[in-house]
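Here are some exercises to work through with the model open in your viewer. Try each task before you read its solution.

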Amino acid sequence: MGIFEPYRALGYITSSVPFSVQRLGTETFVTVSVGKAFQIYNCAKLNLVLIGPQLPKKIRALASYRDYTFAAYGTHIAVFKRAHQVATWSRHSAKVNLLLLFGEHILSVDAEGNIFIWAFKGIENNLAPIGHIKLDENFSPSCIMHPDTYLNKVILGSQEGSLQLWNISTKIKLFEFRGWNSSVCSSVSSPALDVIAVGCADGSIHVHNIRSDVEVVTFKHSARGAVTSLSFSTDGQPLLASGGSSGVINIWNLEKRRLQSVIREAHDSSIISLHFLANEPVLMSSSADNSIKMWIFDTSDGDPRLLRFRSGHSAPPLCIRFYANGRHILSAGQDRAFRLFSVIQDQQSRELSQRHISKRAKKLKMKEEELKLKPVIAFDCAEIRERDWCNVVTCHMDTEQAYVWRLQNFVLGEHILRPCPENPTPVKACAISACGNFAVLGTAGGWIERFNLQSGISRGCYVDLSEKGTAHHGEVIGVACDSTNTLMISAGYHGDIKVWDFKGRELKSRWEVGCPLVKIVYHRLNGLLATVADDLIIRLFDVGALRMVRKFEGHTDRITDLCFGEDGKWLLSSSMDGSLRIWDVILARQIDAVHVDVAITALSLSPNMDVLATAHVDQNGVYMWVNQSMFSGASNVDSFASGKEVVNVKLPSVSQMDGLQVEDSDERAINHSVSEDVSPVSSIPNQQIPGLVTLSLLPKSQWQSLINLDIIKVRNKPIEPPKQPEKAPFFLPTVPSLSGEIIFKPSESADEENGGESDEMAKSQTKLDMPQSQFVQSLQSSAKMKNFSVFTDYLKSLSPSTLDMELRMLQIVDDDQQELDKRPEMIFIELLLDYFIHEISCRNNYEFIQALLKLFLKIHGETIRCHSRLQDKASKLLEIHSDVWQRIDRSFQVTRCMVTFFSNSQF
C-alpha cells in the first residue's frame with residue numbers, strides 16, 4: 001500500500017451514453033453515465049443528488065424507473081435501487097448496446113441481435129429473463145423505441161436502414177419498413193398517434209406514419225453528419241428538436257414544416273441525447289464534450305436560450321493547482337477553458353469567464369472556440385491579494401502576451417501584460433511575487449520583465465550584459481521569486497540558472513547545470529530549487545549557498561511535472577513512463593513509487609498535504625489521491641511507502657464506493673485484515689529524533705492531576721457521611737484482587753469458611769509474597785527485557801488516582817520486622833528508580849515522567865533518604881536529570897531572550 005491511495009475523480013459530468021429521464025412527483029431527474037459509474041442530477045437546478053458505485057467495465061446503456069437504475073456493461077446488466085446494487089442480469093453472450101423501459105419490464109438488445117425481456121418486480125426472487133427474441137442475421141439493431149398506444153409493440157432501427165415492428169408478447173415480427181437507404185441512428189415517438197420520427201446517418205429526418213406506412217414530412221440537416229438524437233415537444237408547441245454529430249441543435253416547426261431556429265455551437269462535440277421535459281418548454285441536451293445543457297423557449301421570436309448547464313473539460317487538463325487552502329483546484333485544459341473545481345461541493349465548480357465570448361461570436365459570426373484564448377501552458381496564483389486586484393497570471397500557447405484573472409469575480413482581468421513590445425516572442429514562464437503585487441514573465445526570446453498587477457504597467461526588465469540585451473540566450477523555461485522579494489531566480493533552456501536582485505534587477509550569480517533544462521520548481525520556505533533536465537535527473541540546488549544539495553534518479557521517460565510538499569520535506573515527480581515518485585529531501589532517497597496505466601501530465605499537492613491532484617493523458621477529469629499517513633493511526637510513513645519498489649495502482653473513480661471491483665477484493669481484504677490487527681495506539685512506533693525531547697501527547701489534565709492529587713482529594717471530600725440504602729441490592733460473592741478484576745467465589749458453608757480463615761491468617765503471617773498486581777508484574781518483565789515501553793504504556797492508561805494507589809502500596813511501614821534489603825518493596829522501589837533513569841536519559845514522555853517522578857519522591861522520598869543502597873540510584877538520577885534539563889533550559893533561554901527583546905522594542 002502506497003502513501004497516496006485513489007480517492008475520487010472530479011470534473012466528469014457525462015459521457016457518450018444517452019441519458020435517461022424520469023419524473024418523480026413534481027421533480028424531474030436525469031441519470032447520466034460517467035465511465036464506469038452513473039450520476040443522477042435534479043433538473044430543477046442541475047445539482048448532483050446521487051453517485052452510483054463503480055462497475056467493472058464502462059457503462060454502455062442506461063434506463064431508470066423510480067428508485068431503480070439499470071446499467072448495461074459488457075454482457076451484463078446491473079440493477080440498482082438508489083446506490084445499492086440488488087441484482088445482476090447475465091444472459092447475453094455479446095455486448096449489450098440498448099436498454100428500453102417497457103412498462104414493468106426492461107428490454108435489452110445486444111450486438112448479435114438478441115432481445116431479452118426482464119421483469120424487475122420481485123427481482124430478488126427471479127433473475128432469469130421472461131422472454132427472448134432473436135433478430136435476423138442481416139439486421140443489426142441500432143435503436144429501439146416504443147410507439148405510444150401500441151400495446152406490447154416496439155420498433156427497432158438497423159444499421160442496414162430498415163425498421164421492424166415486433167410484438168413483444170407473442171414474439172412475432174409484425175411488419176418491416178424498408179427505410180431510406182441510410183443507417184437509422186435515432187428514433188422517437190411523437191405526441192400524435194401513429195407518428196414517429198427517424199434520424200438517419202445521411203442527415204435526414206423522416207416523420208413517418210407507421211399505421212399507413214406513409215411519410216409525413218422530411219427534413220434535412222444543413223451540416224454534415226448523422227442525426228444522433230431526436231425529441232418532440234409536449235407542451236403544446238409543434239416542435240421537433242434534432243441533434244447531429246456536428247454539435248448543432250435544429251428546431252423544426254411541424255405545422256409550418258420548416259426550420260424554426262438553429263442553436264449553433266450548442267456543444268463542442270456530437271449531440272448524444274435530446275429530451276423535452278414533460279409539459280415544459282425546456283429542452284435538455286447532452287454531448288460527448290462532457291456537458292449537460294438546458295434550453296428554454298421563452299423568447300418572442302421562439303429561439304431558445306441557455307437556461308442552465310453543467311460542464312467539465314472537453315479536453316485533458318494541462319496545468320492544475322490547489323487554491324483557497326485546498327478547497328478548490330484551478331485547472332487549465334486543452335479545450336481553451338480555465339476552470340475552478342470545488343473539492344467540497346461539486347455544484348460550485350465553474351469555468352472562468354473570458355468576457356462576452358458568446359455575444360462576440362454571434363456578432364462576428366464566428367465559433368466561440370475561435371474567440372477563446374489559446375490553451376494555457378503555465379500559470380501562477382497568489383491568494384494574498386484576491387480581494388484587491390487580479391491574482392492569477394496565465395501564459396498561453398504561442399501567445400506573445402500574458403493575461404491576468406480576478407478569481408474573486410471569476411473573470412478575465414482588464415490588463416494584458418505585453419513583455420518586450422519591440423521584439424515580441426511567445427510568453428513561456430510566469431511567476432507572482434509573494435506579496436502579490438508583481439508578476440514576472442519570461443519569453444521564448446530570453447526576455448524577462450516585471451509587471452505591476454494592479455496597474456498592468458511594466459516595472460523594468462532583467463538584462464544580463466553578457467547576453468546581448470536579454471536575460472538568457474534562448475527560451476526562458478521558468479522564473480520564481482523568494483518569500484521576501486529579495487531574489488528572483490530564472491532558468492534558461494540551455495541549462496543556465498541565474499539569481500537576480502529582485503528590486504535592483506541586477507545579476508547576482510549564475511551556474512550551469514550542464515544539460516538542457518525542462519522545468520524548475522522553487523520552494524520559498526526552504527530556498528530549494530528543483531530542476532528537471534533532459535537527462536531525466538532531478539537536481540536540487542540551494543539558492544543561498546549556490547550549490548547542488550540533492551540528486552534524484554529513477555524515471556525512465558520524460559518528466560512531466562514536479563511539486564514540493566508544503567513543508568518542503570517531500571518532492572513529488574511524475575513521468576511519461578506512468579510512474580509517480582515521492583522523494584524525501586531530508587533523507588535524500590525515494591520513499592514511494594506508484595505506477596498508473598495512464599501517464600500523469602500535471603500534479604499538485606494541497607497545502608495540508610492531505611490530498612494530491614493529478615491530470616492524465618487523454619483524461620478530461622482531475623483525479624484526487626488521499627495521503628494515507630494523514631488519515632490513519634500510524635505516523636510512520638515507511639509503513640505505507642513501498643520504497644524503491646514500484647506498485648501498480650488504478651486511477652481513482654468518480655464514485656467513492658468500490659462497487660463490484662472483484663479483482664481487487666483479495667488485496668483489499670488483506671489490507672483490511674492488516675489494519676485490524678494493528679491498533680491505533682500500539683502500532684505507532686516511538687520515533688525519537690536524537691537530541692530532542694519527546695512529549696507523551698497525554699491530555700494536560702492527566703499529568704497535572706498527578707501533581708495536585710492531594711488538593712483534588714481535599715476538594716472532592718464528601719461533606720456528609722454515606723447513608724445506608726433502605727434495601728441493600730443483591731451482590732454476588734466475589735474475591736478481592738489487586739488487578740481490579742472481579743473473581744466470583746463459589747458458595748461454601750459457614751463452618752468451612754471459619755475453618756479456612758485461621759489457616760489463611762497463618763499463611764499471611766508466614767508468607768510475605770502477596771499476589772502481585774499488574775503494575776508490579778509489568779515493571780518486573782520490562783526490567784528483565786530492559787525495555788520499559790510496555791510499562792510506560794500501561795502507566796499512561798491508568799487514572800491519576802489508580803497510579804497514586806499503586807505507588808503507595810509499595811510503602812515500607814514496619815521497619816523492624818525483617819531486613820530491609822530482602823523486602824520486596826525495596827526491590828520494586830529500586831526498579832522504579834532504574835525506570836526513571838532510563839526514561840529521562842532517553843528523553844521520552846518528558847512531561848509525564850516529570851509528574852510521575854514528583855509523585856514518586858513525595859511518597860518514597862523518606863525511604864530513599866534513609867537507605868544508602870537507594871541513595872546511589874537517586875544520585876545517578878539527579879545527575880542525568882540535571883543534564884537533560886540544562887539542555888532544555890538553554891533552548892528556552894534563547895526563546896525567552898528573543899521574546900524579551902522584541903517585547904521591549906518599538907517598531
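## Getting oriented

The protein has 12 helices and 59 strands. Please keep in mind that the model is predicted.

**Exercise 1.** Describe the protein as a whole: what share of its residues is buried, and how much accessible surface does it have?

*Solution.* Start with burial: 49% of the 907 residues count as buried. Next, take the surface, which comes to about 45,600 Å², with 51% of it belonging to carbon and sulfur atoms. Finally, turn to contacts between residues at least 6 apart in sequence: 46% of these join residues at least 24 apart.

**Exercise 2.** Find the largest nonpolar core and say which elements give two or more residues to it.

*Solution.* The largest nonpolar core has 38 residues. Inside this core, the residues with the most contacts are Phe775, Leu795, Leu832, Phe836 and Phe856. The elements that give two or more residues to the core are α7 (774–785), α8, α9 (800–808), α10, α11 (846–866) and α12 (868–904). Now zoom in on Phe836: leaving out residues up to four places away in sequence, Phe836 touches Ile849, Leu852, Leu853, Phe856 and Leu877. Apart from the 38-residue core lies another core, of 23 residues, with Trp570, Val594, Val596 and Ile600 among them.

**Exercise 3.** Classify the aromatic pairs Phe4 with Trp570 and Phe791 with Tyr835, and place each on the chain.

*Solution.* In general, a pair of aromatic rings is described by the distance of the centres and the angle of the planes. The structure holds 24 aromatic pairs. In one of them, Phe4 and Trp570 lie 6.4 Å centre to centre with 75 degrees between the planes, an edge-to-face arrangement. This pair links distant parts of the chain: Phe4 belongs to strand β1 (residues 4–10) and Trp570 to strand β51 (residues 570–575), 566 residues apart. Both Phe4 and Trp570 are buried.

For Phe791 and Tyr835, the ring centres are 5.0 Å apart and the planes stand at 85 degrees, so this pair is edge-to-face. Here too, distant parts of the chain are linked: Phe791 is in helix α8 (residues 789–797), Tyr835 is in helix α10 (residues 824–842), and they are 44 residues apart. Both Phe791 and Tyr835 are buried.

To finish, look for the cluster: Tyr65, Tyr68, Phe70, Trp89, Phe116, Trp118 and Phe120 form one aromatic cluster.

**Exercise 4.** Is Asn485 buried or exposed, and which residues does it contact?

*Solution.* First, locate Asn485: it lies in the loop between β42 (476–481) and β43 (487–492). Its relative accessibility is 12%, so Asn485 counts as buried, the cut-off being under 20%. Setting aside neighbours within four places in sequence, Asn485 is in contact with Ser433, Ala434, Cys435, Phe438, Phe502 and Lys503. Elsewhere, the charged end of Arg321 sits over the ring of Phe379, 5.7 Å from its centre.

How values were computed. Residues are numbered from 1 along each chain as its sequence is written. This is a predicted model: local features need pLDDT of at least 70, side-chain atom pairs count only at pLDDT 80 or more; totals for chains, interfaces and linings use all residues. Side-chain values use heavy atoms; hydrogens and water are left out. Rings of Phe, Tyr and Trp (its six-membered ring) pair if their centres lie within 6.5 Å; planes under 30 degrees apart count as stacked, over 60 as edge-to-face and the rest as tilted. Helices (H or I, at least four residues) and strands (E, at least two) are DSSP runs, numbered from the N terminus. Buried means under 20% relative accessible area, exposed over 50%, partly exposed in between (1.4 Å probe, protein chains only). A charge sits over a ring if NZ of Lys or CZ of Arg is within 6 Å of the ring centre and within 35 degrees of the ring normal. Contact means heavy atoms within 4.5 Å. Accessible areas come from the Shrake-Rupley method with a 1.4 Å probe; for residues, only the protein chains shown count as cover. A nonpolar core is a set of buried Ala, Val, Leu, Ile, Met, Phe, Trp, Tyr and Cys residues joined through side-chain atoms within 4.5 Å.
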